[in-house]
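Reader: Hi! Could you walk me through this one?
Author: Happy to, ask away.
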Amino acid sequence: MFLPGDSSRSGRIAFHAQGGRLPAGAPTEELLVALPHGRGGRRRIVPAMVCPLADVLPLLLDEPPERLTSTGAAWRHAALYALHMAGRGLLLPGLSAAGYDAWRVGPFSQEDARWVRALAGSLDPAAYATPLEQAGRGRTPLLLPHPYDRLRLFLDAVADLLPRTPAAAAAAGQAAFAGRDPRRLPGLRGWAAKVADGRDAGVQLSLRLELLDTKEGDCDSADDGTGGGAADRLGATVRCVPQVRSLADPLLLADLAEVRCGTVDGLGPHDPVRVDAMLRAAAEVWPVLAGLLEPAGPDALDMDDDAFLALLDDGIDALARVGVAVHLPKDLIRDLVVQAVVEPGSGSPDEEPEGSGFFTSDGLLSFRWELAVGDRTLTPAELDRLAQAGRSLVRLRDQWVVVDEALVRKARLRSRELGALEALTAVLTGEVAGDDGTVAPVRPNGWLASLHDKLTAPEHAADAELLPSAGLEATLRGYQLRGLAWLDRLTRLGLGACLADDMGLGKTVTAIALHLRRQEDPRTACGPTLVVCPASLLGNWGREIERFASGTPWRRHHGPARDLGDFPARGDRPHHLRHTPP
């Protein structure tokens, strides 16, 4: 069991053999413990080996947990967690109750406090079974320390040992907070209190917002099955409830009403005064809270929509500057998500078009705005409900939504037409600017969504797209097949492309394969292919065509006397290549 000391690092670990014997010859001392007896316990003095924590801690950490007793394993877990907190930089200097220099773990987060409480709840009573003074004497009940308090003292004892290495005093230039021997420093009480205040001593004020249904008035509209009936349009009353959290125990949380009534155990005698001071500071930056400071005033405030929206717009940041957090309801959606939808228009094809004539200035697609609550798009009926509610806070789909009237008006506008190139730009960049200059994300719809995926993920080509032309006398590598599929896909849509493979990776044969593939499909066999290249590469192109596409006619168009002559017109002999220098 752990025996606290003052200073913290002077704590000790006691080993006693309940119902057994200690090793022969081991130094022992008498220890007062509480032992089980019938339905309760009784005080007994037993022999025990008592060792300084500084000597036991290295052995405790090195020992495998399966070789320890349940109490030993629990203290080992606690020691490891103290190291975990110290590794996160959670160490604070201060003074012990007797005025000795001491380090402690802190400040505790709620997660840290939950972990310590969970371990304390599983701690075997034998680990802290040292009766409190005067407990169990005569007719007084036998009282034991609270396991959570004893565990916190153990964590502090481990923390107080960690910085005190053999060289620490020399490095720090002083023995206080660095040397192992206790140093009594009563003159630092004020400094220690300032270090603790706001970190692991005192309280923290925050505001909890609650949204309550209002039942005033009648509404003739019936529920349309989307959760948008009369109750959804009646809005809400917003209640602001101040709450106080202990910094010493982050799991201790109480409403202002409980603190003022003095019914909260665990708060210090000066904490209510601190709460009032924090309320005054909060009311200076957000005057709505001034009503809480009136004599016999309320312990919570009800706000209308305007006050609530003012809090969302400016109040939260202002309160944060004076250390007051605002906790919004989980079912509140502060921002409606606005996005632009680009989709095939009424005169557009229903399926993904092919052919070089699609992306021209004559092709038109539809453009409209839509709003979403979370990841769910609002229907036109729900947009109408938001517009007609006449309030800035509306309940929709079991959530409270802060309504931006300008966004709702924008979403209710009729769809308009976009040129095909403008639409493609929006789809590929993923954003579009509205008339007011604000940029919104774009969601492609219909076959435009499929087109977006194909253009932005060329590596995901279908199996049919990866098949080379039957007339190609070469075996293309995987990356060449993917490049061929991508080039074919873009040219079918009337778009250009840049194949930027490194030199020597076979761009020429890939381009020849593209020509052959296009000539096999009547929809894309639209005449010869023009190759523009440096004059020094004309011979290389000719040899590559003869090698990989033998039988494909080609013509060199170069020199001052160049003339196409009887070169086939469009559609006469589609299997021709011609190349010319730039």
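Reader: Is Gly11 buried or exposed, and why?
Author: Gly11 counts as buried because its relative accessibility is 1%; buried means under 20% relative accessible area, exposed over 50% and partly exposed in between, with a 1.4 Å probe and protein chains only. This is a predicted model, where local features need pLDDT of at least 70 and side-chain atom pairs count only at pLDDT 80 or more, while totals for chains, interfaces and linings use all residues. Residues are numbered from 1 along each chain as its sequence is written, and side-chain values use heavy atoms, with hydrogens and water left out.

Reader: Where does Gly11 lie?
Author: In the loop between β1 (2–3) and β2 (12–15). Strands are DSSP runs of E with at least two residues, helices runs of H or I with at least four, numbered from the N terminus.

Reader: Switching topic: in what order do the four strands of the open sheet come?
Author: The order is β1-β2-β4-β3, with antiparallel pairing; two strands pair if DSSP finds at least two bridges between them.

Reader: Which strands stand at the edges?
Author: β1 and β3 (29–37) do; each has a single partner strand, so one side of each lacks a neighbour in the sheet.

Reader: And how many bridges join β3 to β4?
Author: Nine, with β4 covering residues 40–52.
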